[in-house]
Amino acid sequence: IGGLIAAHAVCSDLKFSGMIGLSGAFGIDQCMIPSTPVLMILNSLNKVMPKLPLKPLMPASLLVSDEAAQEQWQDDPLVRRQRLTVGYLHELLRCTGNIEETLKSFPAELPLLALWGTD
């Protein structure tokens, strides 16, 4: 989600000298987008229960293969290890849904390095 936040911030009125974006949300696969009925349910739940927990966040082993780095991640007090909430998922999908439109207002003179994918 960090790449999404950075992209939206750069397209705001704030002044930046460049952006490095590392986010899978820049090129989200269509098979990962929920169906219309699921999105309708999510939007409804977000209006009444945005803090409703849905599922656990990913384990450290999906983030990094180095065991020492995994332990460091587990011990980091700034890492959020709670469940993914309705509100978080709603915002993530909203931001990824309009990232192409957002990037159209990206300042043409601003250097950008955008990274995503597995290669």
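In this predicted model, the side chains of Glu91 and Arg94 meet in a salt bridge with an N to O distance of 2.7 Å, the term being used for a side-chain nitrogen of Lys or Arg within 4 Å of a carboxyl oxygen of Asp or Glu. A search of the whole structure finds one such bridge. Both partners sit in helix H5 (residues 86-97), three residues apart, about one turn of the helix; helices are DSSP runs (H or I, at least four residues) numbered from the N terminus. Glu91 is partly exposed at 34% relative accessible area, and Arg94 is also partly exposed, at 42% (buried is under 20%, exposed over 50%, partly exposed in between; 1.4 Å probe, protein chains only).

Residues are numbered from 1 along each chain as its sequence is written. Local features need pLDDT of at least 70 and side-chain atom pairs pLDDT 80 or more, while totals for chains, interfaces and linings use all residues, and side-chain values use heavy atoms, without hydrogens and water.

On to the surface: Leu62 lies in helix H3 (residues 60-63) and is exposed, with 61% relative accessible area.

Notes. Helices (H or I, at least four residues) and strands (E, at least two) are DSSP runs, numbered from the N terminus.
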